[in-house]
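Here is a walk through the fold, strand by strand. Have a look at the model first, then read on.

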Amino acid sequence: MEEIRLGDVVKMRKTHPCGSDDWTVIRIGADIKIKCLGCARIVMMDRADFVKRRKKVLTQGPIPEAETLRKMTELP
Ligand SMILES: [Zn+2]
């Protein structure tokens, strides 16, 4: 499985209209939410779509994806 971590800074294949193609991952799970580093616009897409559109991981987030997902599903 492709690793997607919270806080990943990624380069997308398509340049955003604001001129930036760098984004940061702000939510993971079945749906992925990313924020444009140029204009702060937030976009949500499903996992497969994200992996397809992602060109490169520039900086990897600090916490392994499995650990973040486990915390998200833990009961309080
Ligand atoms: Zn933008």
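Helices (H or I, at least four residues) and strands (E, at least two) are DSSP runs, numbered from the N terminus. Read that way, the chain goes β-β-β-β-α-β-α along the sequence, which gives 2 helices and 5 strands.

Before going further, some housekeeping. Residues are numbered from 1 along each chain as its sequence is written. The model is predicted, so local features need pLDDT of at least 70 and side-chain atom pairs count only at pLDDT 80 or more, while totals for chains, interfaces and linings use all residues.

**The sheet**

What order do the strands take in the sheet? The open sheet of 5 strands runs β4-β3-β2-β1-β5, with antiparallel pairing; two strands pair if DSSP finds at least two bridges between them. At the edges sit β4 (42-46) and β5 (54-59), each pairing on one side only. On average, neighbouring strands are turned by 40° against each other, direction ignored. Those angles come from axes that are lines fitted to C-alpha atoms (for helices over the stretch in contact), and they run from 0 to 180 degrees between N-to-C directions.

| Strand pair | Sense | Bridges |
|---|---|---|
| β1 and β2 | antiparallel | 3 bridges |
| β2 and β3 | antiparallel | 4 bridges |
| β3 and β4 | antiparallel | 5 bridges |

You can follow a line of partners across these strands.

Pro17 is in the loop between β1 (9-12) and β2 (22-27). Is Pro17 buried or exposed? It's exposed, because Pro17 has 10 C-beta neighbours inside 10 Å. The cut-offs: 20 or more other C-beta atoms within 10 Å means buried, 12 or fewer means exposed, and in between is partly exposed, with C-beta atoms placed from the backbone. Pro17 and Gly38 are 21 residues apart along the chain, and their C-alpha atoms are separated by 9.5 Å.

**The chain overall**

The C-alpha trace spans about 40 × 25 × 20 Å along its principal axes. Of the 76 residues, 12% count as buried. Among contacts between residues at least 6 apart in sequence, 44% join residues at least 24 apart; a contact here means C-beta atoms, placed from the backbone, within 7 Å.

Terms used: Contact = placed C-beta atoms within 7 Å.
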